[in-house]
Structure formats: structure tokens, C-alpha cells
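Hi there,

Here is the structure I promised to pass on to you. Have a look at it, and my notes follow below.

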Amino acid sequence: MASTWIWRGSYDRLERITYPERQEHTSGERNGMPLHMESWTAVKAGDAVIAWSEAHSIDSGRFPGIWVLNVNGAIAARMSDEEKQRIWRRTGLCGGAPIESERLYLVSVVHLEPVDMKRIDSQGRALGGKPQLRAEHGDPAGRNRPSKYEIAERASGAAGGGAGLEARTERSDLAVSKNEQVERASRAASEGEALEARAERSDLAVSKNERVERASRAASEGAALEARAERSDLAVSKNERVERASRAASEGAALEARAERSDLAVSKNERVERASRAASEGAALEARDVVGQSIGRWPEDPALRRVVRTAVQALYALGLDIGEVEVALGGDGRTSVRAAWPRLRETRLEAVSLRRFAAWYAAARAEAVDRRMLIGADPEFVLVTPSGKVASASRFFGAGVGGAAGADALVVGRRLLFPVAELRPEPADDPAALAANVRRLMLRAAARISDPALRWAAGAMPVPGLSLGGHIHLSGTPLTSRLLRLLDSCTAFPFALIEDPAGRARRPRYGTLGDFRQQPHGGFEYRTLPSWLISPAAAKAAFALALLCAREALALPYIPALEERYVEAYYTGDRLELAVCLEGVAASISATASYPGLAPFIEPLFDAARRGATWDESSDIRAKWRIPTP
């Protein structure tokens with residue numbers, strides 16, 4: 001199981017983060033608990049190391065195959081406020097017109113996640129008020145379910161400690177089993193809420209005869225299914241219950257006591273089966289829930305969600321994964337970054353958050369081993385008239401039509417328009433297969449676009465002022481900031497070298513490095529790339545590079561997206577400077593195990609970048625995709 005370590009400046013004393021039950025802190029140096037210190041040589045491939053020193057920069061070269069977080073922590077700590085503001089202005093996170101009626105917030109972030117959010121005054125002092133972080137992402141009803149870190153912490157603790165029973169009991173925090181729901185509903189209907197409440201408080205106090213009588217009443221009322229569940233689930237012998245209670249008492253097993261209270265309706269055989277599955281599979285179900293939810297507890301208010309997104313982007317732009325950000329929110333809904341720094345200032349928040357991250361990472365790594373990795377996409381193209389104007393895609397696909405091919409929305413002023421066409425192909429596990437799915441949708445779209453005079457255009461900005469994107473979807477791999485920076489380095493940088501020079505105007509509003517969005521299918525969407533529909537070769541190169549980054553996320557040592565010179569070159573369109581990192585990227589990806597199978601799709605793109613070739617956004621993309629024209 002993958003471990004997470006804290007590096008505080010000494011390679012001889014790395015602290016392993018542990019997360020057993022009831023342990024509230026991670027650092028023995030701060031709370032008097034035993035230390036878990038070892039030399040850097042104890043860190044294994046697949047582990048994570050958090051650079052937690054503002055005085056010393058970590059040597060990532062000592063940790064091959066290891067995810068190093070906050071690698072730029074010491075650099076960011078030494079940056080002046082002016083340097084940080086310059087970086088944020090470059091990415092559109094501050095600057096512009098002054099914000100009026102602003103409110104200030106302090107957001108604490110641990111790896112793309114908000115772990116705390118407070119309203120503060122101009123001096124940085126916390127103001128009173130209700131908690132800002134309440135609901136989980138994708139939970140519009142505001143249910144306060146456990147975050148991915150809490151779920152993973154429980155699941156990993158169960159798998160690592162052999163506590164299979166607790167691991168399955170924790171699953172009931174997310175969803176009560178079907179049998180349990182049926183049983184509870186039956187009891188409520190036949191006996192009333194009062195009897196159910198008493199039974200829930202003390203399952204052991206109800207005799208076997210009372211249980212049989214209760215099941216019989218349910219059967220007499222027509223609830224045969226519930227009766228069978230009641231008899232089979234509750235017919236645990238007295239000796240078995242005494243033995244279980246004795247074992248809990250003799251071992252001081254608070255864990256078992258909690259399981260008895262929260263999972264009363266589960267039979268002994270079901271408990272044994274759950275424990276066995278947890279021990280043999282390492283709590284795979286819980287891990288799947290963790291990987292599928294990359295966002296923890298986010299605020300419900302859309303304006304506050306923008307504040308959190310701004311904070312996450314501000315740290316990412318500084319090369320940080322963990323830290324705190326002050327963000328101003330204006331009365332018009334605009335946000336602006338005011339300040340940021342690495343690490344978390346509250347000791348307890350830091351300790352608990354890092355422990356939860358360690359639990360999530362261990363579970364995510366264990367689960368990702370057996371998952372099938374898929375790649376999908378939703379590229380955009382635009383229909384251009386002979387006079388150079390845009391023909392709205394909604395003419396042919398309808399406004400906001402979903403499905404495999406449709407029109408994408410764009411806000412112009414205060415109007416919602418649908419000028420851009422979007423394809424949504426079925427995902428695949430191979431670049432060629434996904435490209436074939438894309439072409440199939442283009443043929444379908446051609447059957448609906450009846451005007452023969454229209455040109456199909458793609459790229460970054462084929463029409464002045466209208467940006468297009470070629471979003472990549474990945475599932476079967478955990479979303480990490482390391483993977484995002486690899487996608488920036490190995491995909492966005494090479495594409496910036498071959499795109500039309502006019503495409504630089506797309507940034508920073510679009511094409512921001514590390515731009516991502518969680519997806520309902522459990523994966524995520526990488527949104528930085530321009531529309532690679534410009535040609536099948538560009539599309540396959542984008543798919544292959546994204547797959548390679550996901551498969552080899554810990555094997556790729558070179559990440560130029562963490563170097564300021566290359567990031568600056570990307571945003572300013574300095575091709576000469578950006579091209580300096582191309583050979584390093586090529587050498588890094590070619591040394592991986594996945595490269596031979598993907599090389600036929602990748603090498604044409606790198607060859608074009610070396611030649612200084614750029615794509616032509618004035619051409620009709622149907623020619624290269626072999627789509628018949630009227």
C-alpha cells in the first residue's frame with residue numbers, strides 16, 4: 001500500500017503519515033505521539049512525499065517513481081507579492097477593473113480540495129458566521145456526506161489493519177444496504193417509529209422470540225420478503241451474541257461495538273462475507289467511491305464555489321499543491337486573488353488534512369491497479385459562411401441539444417447562444433478506436449448540416465474572438481495534480497508549438513494550464529487543449545499523449561510545467577523558449593513502457609513541432625477526416 005511522507009528539510013528524517021482509528025494528529029513532534037521517522041531510502045516507488053519546508057527546496061531526483069507534492073514550496077515562500085501577482089494576472093486570476101463591495105475569504109486547500117474556508121476582514125482576522133464548506137461536490141441537495149478523504153481514511157485503515165468488518169460498516173455511511181432499508185421500512189410500517197427507534201438503540205436486548213414474533217406479524221400483513229429478511233438476518237443464536245460481546249469486551253473493541261450499533265440488521269454470515277471481502281480486496285468498493293469523487297466538501301453557493309476554484313487555480317499557478325489563499329469576491333460575482341502561501345497555518349487542520357490525504361492516496365493507488373483506463377473527448381468545431389461569419393450550430397442541432405453531436409453554449413453579453421458544434425464520442429481504450437468514434441459522429445453531423453457553402457473549422461481560434469476546445473476525458477485513473485502537470489508538459493506544450501500563431505489569443509480565458517472538471521462518470525475532463533479536430537493525426541496524438549501520461553504518471557521524471565520559464569513562454573506564445581523543453585519531454589516519454597505502442601500516434605506531432613510547422617485553421621477539416629462534402 002502506498003505511503004505518504006513529510007519532508008521537513010532533512011533526508012534522514014522523513015515522517016510517515018499514519019492514519020489508524022482515533023488518531024487525530026499526524027505529527028509526533030507536535031502532539032507527543034510516537035514518531036514514524038525514517039531515511040529517504042525507505043520511501044518506495046508509488047509513495048507520495050510532501051515537501052514541507054519553506055527554507056529548503058527538495059531534490060526530486062532522489063525520489064524516482066514517487067509523487068512529490070509542493071515541490072515549489074520553498075520557491076513560492078521566497079516570492080515577493082509582486083511576483084505572485086504577475087503570475088496570477090497572466091492566468092486571469094487577478095487584475096482588471098477594481099472589485100466593489102468585496103468580501104474576503106481565506107481558503108485552505110489540500111491537493112485540489114478545499115479543506116477549510118473562512119470569511120476574514122482586511123487584516124486577515126476570521127469573522128463569525130455559518131460554516132462555508134457544507135455540501136459535497138455534485139450534491140445539490142446539500143447532504144453533508146463524508147468527503148473522499150474521510151471515506152478513504154476509513155477504507156484504508158480497514159484494509160491496512162485487517163479490519164474488514166469496520167471497512168464494510170463504513171460503507172453504510174454512504175449507502176444503506178437494500179436489505180437493511182427493506183427491514184427498517186417493514187419495522188416502521190408494522191410496529192411504528194417508536195419500536196424501530198428502540199430496536200435501533202439496543203439490538204442485543206431483543207429476545208429471539210420477540211424477533212420471530214415480529215417477523216411473523218410482517219408475514220401476516222403480506223410482507224413475506226421482509227419477514228424472510230427479518231428471520232434470516234436476526235436469528236443469531238444467544239451463544240453467538242454472548243461470544244461476540246465477550247470478545248468485544250476482552251479486546252476493548254470499540255470498533256466492533258460501533259459495527260453492532262450501525263449495522264444491526266446484518267446477519268452473521270453476511271458480516272463474515274463482508275470482512276473476508278475487505279481483507280482480500282483491500283476495501284475495493286470504498287476505494288472506487290474515493291476515486292470517483294475528486295472533490296470533497298465544497299460550498300453550496302455558486303459564488304463561493306468560484307472563490308474556491310480561484311484558490312485552487314492560484315496555488316496551481318505557483319506550483320503548489322497545498323496552501324492557503326486569500327480571495328476577494330465582488331458584488332458582481334468576480335473573484336480576485338489577494339495573497340497565497342504554502343502550508344496551512346492551523347496546526348490541527350494541517351495534521352488532520354494531511355492524514356486524510358494520505359488515506360485517500362493509499363486507497364486510490366490500490367484501486368487504480370485493477371481499473372480499466374478509458375479515454376473520451378468532446379471536441380468543438382465551428383461552421384463558417386463564405387463571408388467569414390459564424391453560422392450557429394443550433395440551426396442544425398437545436399439549442400442545447402445533448403447526445404452524441406450537438407451545439408455548445410456560449411454567453412455573449414447577457415445572451416446565451418449556441419454557435420459552436422460539439423461531438424461527444426463513445427470512450428475507448430485506444431487512440432485509433434476513439435478517433436474512429438469521432439469520425440463516425442462527424443459523418444452523422446454531416447447528414448444534419450444541409451448548407452453546402454459552410455466550412456467546418458477547428459483549432460484554437462479559427463474565427464477571431466471565438467475560442468474552441470478539444471477536451472480530453474480520462475477515467476480509470478485518479479485525478480492528481482501531478483497528472484495535470486504532466487498533461488500540461490507533454491500535451492499542452494507540444495500542441496502550443498504547432499497551433500496557429502493566432503491561437504495564443506485564446507489564453508488566458510481559455511487554455512489555462514491545469515484546467516480540469518470532474519465528470520459524473522467518475523473520471524475527469526482535461527480542458528486546456530485547443531480543438532485537435534484540425535486533423536485525425538492531431539486527434540490521435542492528443543489521445544495517445546493523454547493516455548501515456550495517465551498510464552505512466554509516476555514514471556515520467558521531467559515536468560517542465562513546474563518551471564516558470566516554460567510556463568511564461570506558453571502564455572506569451574514564445575515558441576523559441578517553449579521549444580527548448582521539447583527534447584526533454586520526448587526523451588522522458590520515449591523511456592516509458594507505454595511508448596512503443598503509442599509512438600506511431602505521437603511521433604508525427606513531435607516531428608512537426610521540431611520543423612516549426614503549424615496547422616492551418618483556414619482549411620475545412622472534412623477533407624482530412626474524409627467526410628464527403630455536398
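**What I found**

Asp332 is exposed, with a relative accessible area of 52%; here exposed means over 50% relative accessible area, buried under 20% and partly exposed in between, with a 1.4 Å probe and protein chains only. The side chain of Asp332 pairs with that of Arg334 in a salt bridge, 2.8 Å from N to O, where a salt bridge is a side-chain nitrogen of Lys or Arg within 4 Å of a carboxyl oxygen of Asp or Glu. Arg334 itself is partly exposed, at 30% relative accessibility.

Before I go on, a word on the basis of all this. This is a predicted model, in which local features need pLDDT of at least 70 and side-chain atom pairs count only at pLDDT 80 or more, while totals for chains, interfaces and linings use all residues. Residues are numbered from 1 along each chain as its sequence is written, and side-chain values use heavy atoms, with hydrogens and water left out.

**Overall picture**

The chain has 23 helices and 19 strands; these are DSSP runs numbered from the N terminus, helices being H or I with at least four residues and strands E with at least two. Of its 630 residues, 53% count as buried. Contacts, meaning heavy atoms within 4.5 Å, reach across the sequence: among those in the chain with a separation of 6 or more, 71% come from residues 24 or more positions apart.

**More salt bridges**

How many salt bridges does the structure hold? The count is 24. In one of them, Glu583 pairs with Arg610, with the closest N and O atoms 2.7 Å apart. Glu583 sits in helix α21 (residues 582-590) and Arg610 in helix α22 (residues 595-611), so this pair ties together parts that are 27 residues apart in sequence. Both ends are partly exposed: Glu583 has a relative accessible area of 41% and Arg610 one of 42%.

The pair of Arg8 and Glu15 is another, at 3.3 Å from N to O. Here Glu15 is buried, with a relative accessible area of 1%, whereas Arg8 is partly exposed at 23%. There is also a network of salt bridges that links Arg86, Arg90, Glu564 and Glu568.

**Cysteines**

With a disulfide taken as a pair of cysteine sulfur atoms within 2.5 Å, the count comes to zero. Cys549 is buried, with a relative accessible area of 0%. Cys581 is in no disulfide either, as the nearest cysteine sulfur, again that of Cys490, is 9.0 Å away. Cys581 also counts as buried, at 2% relative accessibility.

**Nonpolar cores**

A nonpolar core here is a set of buried Ala, Val, Leu, Ile, Met, Phe, Trp, Tyr and Cys residues joined through side-chain atoms within 4.5 Å. The largest has 113 residues, and those with the most contacts inside it are Phe381, Ile472, Trp532, Leu533, Phe543 and Ile589. Helix α18 (residues 536-551) gives the most to this core, with 12 residues. At least three residues come from each of domain 2 (83-135 + 293-368) and domain 3 (374-625); the domain bounds are from an automatic or database domain assignment.

Beyond its neighbours within four places in sequence, Leu533 is in contact with residues including Pro379, Phe381, Leu423, Met442, Ile621 and Trp625. Apart from this core lies another, of 19 residues, among them Ile17, Trp67, Leu349 and Ala364.

**Two residues to look at**

Trp67 is in strand β5 (residues 67-69) and is buried, with a relative accessible area of 3%. Leaving out residues up to four places away in sequence, Trp67 touches, among others, Asp47, His111, Trp360, Arg482 and Leu554. Trp67 and Pro557 are 490 residues apart in sequence, yet 9.8 Å apart in space from C-alpha to C-alpha.

Thr91 lies in the loop between α3 (81-90) and β6 (103-110), and is buried at 9% relative accessible area. The side chain of Thr91 reaches two backbone oxygens, that of Ile87 at 3.3 Å and that of Trp88 at 3.1 Å. Setting aside neighbours within four places in sequence, Thr91 is in contact with Ala317, Pro508 and Tyr571.

Best wishes

Conventions. A polar contact is a pair of N or O atoms within 3.5 Å; within protein, one must be able to donate a hydrogen and the other to accept it, and residues adjacent in sequence count only if both atoms are side-chain atoms.
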